[in-house]
Amino acid sequence: MEQKKAAREGLRTKSMLKILCFAGILLLFLVTRVWQLTLLPFGLHADEAGMAYDAWCLSQYGVDRYLKPWPVYLINFGGGQNALYTFVCAVLMKIFGCSIQVIRAPAVIFSFLNLFFGMKLAEKLYPGRIFMPFAVGGLITICPCFILAGRFGLESNLMLGMSTVFLYCFTSAIEQGKLLWYVLAGVTGGLLLYTYAPTYIILPFFLALTLIYLLFIRRFVLKGWLAMAVPMGILALPLILVQIVNMFDLEEFQLGCFTITKLPVYRAAEVEGFAFAKLLRELNSIFIGDGLAYNSVAGYDNLYGITILFVLLGLMKVVRTCKRRKGRFGSMEFLIVILLWFLSVFYFECHIESNVNRTNGIFFAVVVLAVEGMDGLRILVCKAAGSVRRGMEKAAGYGTAILLCAAYLFCFGRFGTYYFGGMYSEETYLLPIFELPVSEALELIAQDEELSGKVTWMTGTDIYYAISTLRDPHELRMQVDEWPDNRFENFVVGGLGPVSEEYNYIIRDGFEEYCEQLRKMGFTEVRFSKYSLFYKSEGNEDFLSCPKRGVYTPSLDAG
């Protein structure tokens, strides 16, 4: 009876610890992904703004900004843009309207999918070891590369979350042999192709490697792979047609309600031969950063510097164990499948000029290898402690785990203080390829007959005018090449013209000399978040110079 009671108490204690660990990770996730979401990063990336306006157009009119119905691969600025983020965002905009929160919501959602299915996959990797999934989840939650990718609408970053969902369904199919899991693997693998174009090569390469491995260990199921191939093939077909249209310079066409897109710029030539320099750049993109402040933060490595050692230890442990096991499928075989995914992404990235967002699909596999390396270090420490004094193994194991946890929390504390404490925004304003939506200023101009009759110059380009006004794309008639003189009716976008009392000016912070010249000339300045509206009016200036924010209902929340 006493033993049963003690066992029950032990289970209850473990359950409470699991709940506390999960609650802590979930709280950290919400803080690192949702807190200050409209302000960090500040403004909108150009691709994020293009995606957002396309998503709004699709949600309202069923066409993108170039009036193409539901393109399976969007044109964006000419070189193309992956469709899954835009389609998800369009659904959310249909329900909740257009705002910065909605624009960035898919990034947060897929970041959570990466966390949830990453921890579920870790349970398969470490059966019976309740804290190992939390080690995986903890790194996903606090490492800079995961945080930055989950906070803004760069559509290629969805590859990270979607690939983890696919790996979970795929390994479950191999483990259980059920057709339903194979079908789910086919669906998630097909959707993965819509997250980022490199998956057109990475996914088939990974499946080929895995097929060889499963034949080797005698776990290949023909019926299951056929069940996976059907939904994956159906989803892949429109994208294959896009490649055929662009490769052979054919006319675009409709496939049902979807457009098989002809791109002005076909970027297949970006994939080149293997080069050692690209390998080094890929390693730098994985572990350090790439110089783009929206992808990585200078001085704070993507996965923190100590992770490099653990990844090396994890790789050695997996390879060494792989040599000794044949004909089975268990936790180590799951690791081998994840290693094959790692190798597939890594090999492809060594054929292009990689950066952090281009290689984002590799980060979950890197975390798994790092956790495997940490476990290997713990085992070595336990063995060393046991050789010194019997009975010390358990204490040494707990001590190692506590030290590792403290080290990563210290690293996260440094990064979090810098990133969320305001220093990051101050030092990087304005991030490269970012601009500000200016909805409030445009609405104020529209409400005054005198000001709306003047030409207005604005620093933001055409896509920021479009996302700020949310006008009907049939009226804007946007083109891949900007309008002559970058002009939309009375708005000149993408720069500042000569100083004249005949013009209005919408200027983001950073053009202080120009703004000071306007102030000296007696222009009235209306301040918004990080930008100003300058105007001269012969009428009642009080209306504009003292705006009451509650009166206006901006179509896009600028933060």
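Tutor: This is a predicted model. Start with Glu123, which counts as partly exposed because its relative accessibility is 43%.

Student: Which residue forms a salt bridge with Glu123?

Tutor: Side chains of opposite charge can pair when their charged atoms come close. The partner of Glu123 is Lys120, with 3.9 Å between the closest N and O atoms. Lys120 is also partly exposed, at 29% relative accessible area.

Student: How are Glu123 and Lys120 placed in helix H4?

Tutor: An α-helix has 3.6 residues a turn, so residues three or four places apart point the same way. Glu123 and Lys120 are three residues apart in helix H4, which puts about one helical turn between them.

Student: Which residue forms a salt bridge with Arg104, and are the two buried or exposed?

Tutor: Arg104 pairs with Glu48, the closest N and O atoms being 2.7 Å apart.

Student: How many salt bridges does a search of the whole structure find?

Tutor: The search finds 20. One of them joins Glu372 and Lys317, at 3.0 Å from N to O. Salt bridges with shared partners link Glu372 and Lys317 with Arg129, Asp375 and Arg378 in one network.

Student: Which residues make the nonpolar surface patch?

Tutor: Phe22, Leu26, Leu30, Val34, Phe112 and Phe116 make a patch of about 470 Å². Helix H1 gives the most, with four residues. Phe116 lies in helix H4 and, at 36% relative accessibility, counts as partly exposed.

Conventions. Residues are numbered from 1 along each chain as its sequence is written. This is a predicted model: local features need pLDDT of at least 70, side-chain atom pairs count only at pLDDT 80 or more; totals for chains, interfaces and linings use all residues. Side-chain values use heavy atoms; hydrogens and water are left out. Patches are made of residues with over 30% relative accessible area and no salt bridge: like charges are joined within 9 Å, nonpolar side chains (Val, Leu, Ile, Met, Phe, Trp, Tyr) within 5 Å. Accessible areas come from the Shrake-Rupley method with a 1.4 Å probe; for residues, only the protein chains shown count as cover. A salt bridge is a side-chain nitrogen of Lys or Arg within 4 Å of a carboxyl oxygen of Asp or Glu. Helices (H or I, at least four residues) and strands (E, at least two) are DSSP runs, numbered from the N terminus. Buried means under 20% relative accessible area, exposed over 50%, partly exposed in between (1.4 Å probe, protein chains only).
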